[in-house]
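I opened this structure for the first time today. These are my notes, in the order I looked things up.

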Amino acid sequence: MNVAHWLLDAAQRWPQRPALFEGRRQVADYQSFAARARARALHLRHDHSIAAGDRVALLLKNSCDYLELLYAIWWIGAVAVPVNSKLHPREAAWIVGNAGARLIFTDGGRTFERQDLPADCRELPAEVMPVGAPDGELLEPWPCADGELAWLFYTSGTTGRSKGVMLSHGNLTAMSLCYPLDVDPVQAGDALVYAAPMSHGAGLYNFIHVRCGARHVVPESRGFDAAELFGLAQALGQVSLFAAPTMVKRMVEQARRQGYDGTGIKTIVYGGAPMYLADLTQALETFGPRLVQIYGQGECPMSISALSRELIAHRQHPHWPAIAASVGRPHAGVEVRILDAQGQPLPAGEPGEIAVRGAPVMHGYWDNPSATQATLVDGWLHTGDIGFLDSRGFLTLTDRSKDVIISAGSNIYPREVEEVLMQHPEVFEVCVVGEADAEWGESVVAFVVPRSPDSLDPQVLNQWFVTRMASFKKPRKYLFCTELPKNSYGKILKTRLRQWLQDPTGSVAYR
Ligand code: AMP
């Protein structure tokens with residue numbers, strides 16, 4: 001089934017229900033949301049010859065246009081390629097080329113130099129709203145089977161290049177049906193606020209809220225501002241949102257400053273990175289039982305496990321510290337196993353690689369059969385995360401086998417940062433690791449071996465970096481050393497570097 005049927009269904013059932021909001025202002029009810037999506041679909045088809053299976057990219061900050069465009073793309077059976085709007089245009093252009101997208105929607109004026117985009121891809125402003133959809137055409141969404149591609153979800157790869165996770169209409173519906181079962185039942189009058197990027201987890205929560213005829217609210221700032229969010233919650237009521245743990249931390253700080261207690265917020269779903277117990281305790285003290293945790297990854301979006309509101313809030317439970325430090329129990333749509341290095345299941349309590357099987361699991365990586373083969377083994381998704389299941393079925397993450405740095409809820413892959421720094425003519429070697437950071441979760445640290453002593457300083461490298469890559473990925477610290485520790489195969493020992501960070505008086509000279 002094409003997910004766009006959920007929008008048609010909501011428009012038929014509740015045509016006058018409020019659907020889209022810019023801040024507190026309603027901009028569309030369900031009837032006009034569906035009509036606008038359909039008009040945009042016809043525009044894509046007639047004016048840009050977009051057909052079923054074609055890819056259309058979106059490089060946009062959050063907006064109501066974003067939702068309309070997503071549904072327009074699906075309405076004609078095309079494939080959406082949402083791109084993180086914080087990426088450098090060159091990084092975004094690479095994704096567009098890899099996906100073979102024919103169009104890319106951007107905000108307002110031009111984002112790309114013509115030569116940066118593939119020759120057969122055009123840039124269009126998202127806000128241009130076509131008028132005059134011919135009657136009687138495309139009244140129904142294009143008939144898509146469950147296995148057909150709907151969303152190419154670009155996640156960075158440890159090889160330094162993003163990989164396009166292939167999510168089908170079936171994956172997205174299965175993921176969405178987990179939400180009311182394991183996260184939070186959706187009621188009429190609920191309002192989903194998009195405070196985190198729609199290209200990622202927050203956007204994936206749109207489907208179930210469309211299916212249930214709830215409100216969709218894009219803050220006027222088009223991003224995350226805790227004070228603005230609280231104002232929206234008080235004005236609109238029954239507000240739910242997806243937030244990375246760093247966002248929850250900021251919400252707590254702001255709420256304490258202004259004496260706000262969570263009135264108007266129904267549910268804060270957190271996930272995407274570890275939540276420290278001290279932060280969770282403060283969030284509970286500030287907002288009460290409004291928190292639910294999820295664990296997922298692009299390859300099994302938002303739907304590997306969930307920790308319920310009741311368990312999170314039950315601080316008197318004798319096992320609360322262990323429960324609250326876990327990521328909960330497997331979602332309704334998946335089985336979870338812990339595997340040893342040979343791929344054999346491990347008993348309760350023993351850590352190993354987390355593997356997942358079920359309807360929300362991706363179909364593979366776009367145009368990357370070797371990565372698909374390495375990740376989907378005998379129907380099981382190998383997540384690259386290390387964890388254990390306890391005897392009551394709770395899953396706890398212990399480590400990430402990939403060296404991903406998660407800063408402010410965004411994944412940063414060391415290799416892509418290293419690639420950029422290595423291009424500097426004065427850099428001989430470089431290795432990037434994450435360092436625990438009270439505010440951001442983790443921050444990026446680059447160990448750099450210069451070609452000659454004193455030839456580099458942090459300002460020079462910083463300038464080099466920000467002209468080539470998104471600034472949220474930039475190293476917060478550069479440490480210059482004479483050599484990097486390596487094993488006998490010549491591989492850099494990242495664990496040693498992390499130890500140095502904790503004890504800078506260690507044996508290797510650096511400044
Ligand atoms: P992404 O594919 O960008 O959504 O990143 C997914 C990764 O984020 C997972 O593989 C985990 O390493 C991490 N992650 C997701 N949810 C949680 C969570 N609730 N707690 C800790 N880490 C998480």
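**Entry 1: strand S5 and its partners.** I began with strands S5 and S6 (residues 122-125), which pair in the parallel sense over four bridges. I keep in mind that I am reading a predicted model. Then I looked for what else S5 pairs with. Strand S3 (residues 55-59) is joined to S5 by four bridges, and the two run parallel. Here I noted Ala 57, whose bridge partner in S5 is Ile 104.

Next I checked where the side chains of S5 (residues 103-106) go. Leu 103 and Phe 105 point one way. Ile 104 and Thr 106 point the other way. I found all four of them buried.

**Entry 2: the nine-stranded sheet.** I traced the sheet strand by strand. Its nine strands come in the order S2-S1-S10-S9-S11-S12-S13-S14-S15. The sheet is open and the pairing is mixed. Which strands stand at the edges? I found strand S2 (25-29) and strand S15 (329-330) there, each pairing on one side only.

Strand S11 (residues 239-243) and strand S12 (residues 265-270) run parallel, joined by five bridges. Ala 243 has Tyr 270 as its bridge partner in S12.

Two helices on this sheet went into my notes. Helix H3 (residues 64-75) packs on the sheet and touches strand S1 (18-22), S2 and strand S10 (215-218). I read the angle between the directions of H3 and S1 as about 135°. Helix H9 (residues 245-258) lies across S11, S12 and S13. H9 runs at about 125° to S11.

**Entry 3: helix H10.** I went through helix H10 (residues 277-287) for buried positions. I listed Asp 279, Leu 280, Thr 281, Ala 283, Leu 284, Thr 286 and Phe 287. What do these buried residues pack against? My list holds helix H8 (226-236), H9, S12, S13, helix H11 (309-313) and helix H12 (320-325). Just after H10 I stopped at Gly 288, which takes a positive phi of about 70°.

**Entry 4: the ligand.** I turned to the ligand and its surroundings. There are 17 residues around the ligand. Those that come nearest are Gln 293, Ile 294, Gln 297, Gly 298 and Asp 385. Which strand gives the most to this shell? S13 does, with five residues. Strand S13 (291-297) and strand S20 (395-400) each supply at least two residues of the shell.

A polar side-chain atom of Asp 385 lies 2.6 Å from an oxygen atom of the ligand. A backbone N or O atom of Ile 294 is 2.9 Å from a ligand nitrogen atom. At Gly 272, a polar backbone atom is 3.0 Å from a nitrogen atom of the ligand. Last, I checked the cover. On its own the ligand has 500 Å² of accessible area, and the protein covers 91% of that.

**Entry 5: the three-stranded sheet.** I moved on to three strands in the order S23-S24-S25. They form an open sheet with mixed pairing. Why is one side of S23 and of S25 left without a neighbour in the sheet? Strand S23 (427-437) and strand S25 (477-480) stand at the edges, so each has a single partner strand. Neighbouring strands here are turned by 25° against each other on average, direction ignored.

S23 and strand S24 (residues 441-450) run antiparallel, with 10 bridges between them. Val 433 stands opposite Val 445 in S24. Helix H14 (residues 414-422) packs on this sheet and touches S23, S24 and S25. The direction of H14 makes about 145° with that of S23.

Is Glu 429 buried or exposed? Its relative accessibility is 19%, so Glu 429 counts as buried, the cut-off being under 20%. Leaving out residues up to four places away in sequence, I found Glu 429 touching Met 422, Phe 447, Val 448, Val 449, Leu 484 and Lys 486.

**Entry 6: Trp 151.** My last stop was Trp 151, placed in strand S7 (residues 149-156). Trp 151 counts as buried because its relative accessibility is 0%. Trp 151 and Ala 322 are 171 residues apart along the chain, and their C-alpha atoms are separated by 35 Å.

Note on methods: Residues are numbered from 1 along each chain as its sequence is written. This is a predicted model: local features need pLDDT of at least 70, side-chain atom pairs count only at pLDDT 80 or more; totals for chains, interfaces and linings use all residues. Side-chain values use heavy atoms; hydrogens and water are left out. Two strands pair if DSSP finds at least two bridges between them. Axes are lines fitted to C-alpha atoms, for helices over the stretch in contact, and angles run from 0 to 180 degrees between N-to-C directions. Contact means heavy atoms within 4.5 Å. Buried means under 20% relative accessible area, exposed over 50%, partly exposed in between (1.4 Å probe, protein chains only). A residue is near a molecule or strand if one of its heavy atoms lies within 4 Å of it. A polar contact is a pair of N or O atoms within 3.5 Å; within protein, one must be able to donate a hydrogen and the other to accept it, and residues adjacent in sequence count only if both atoms are side-chain atoms. Accessible areas come from the Shrake-Rupley method with a 1.4 Å probe; for residues, only the protein chains shown count as cover.
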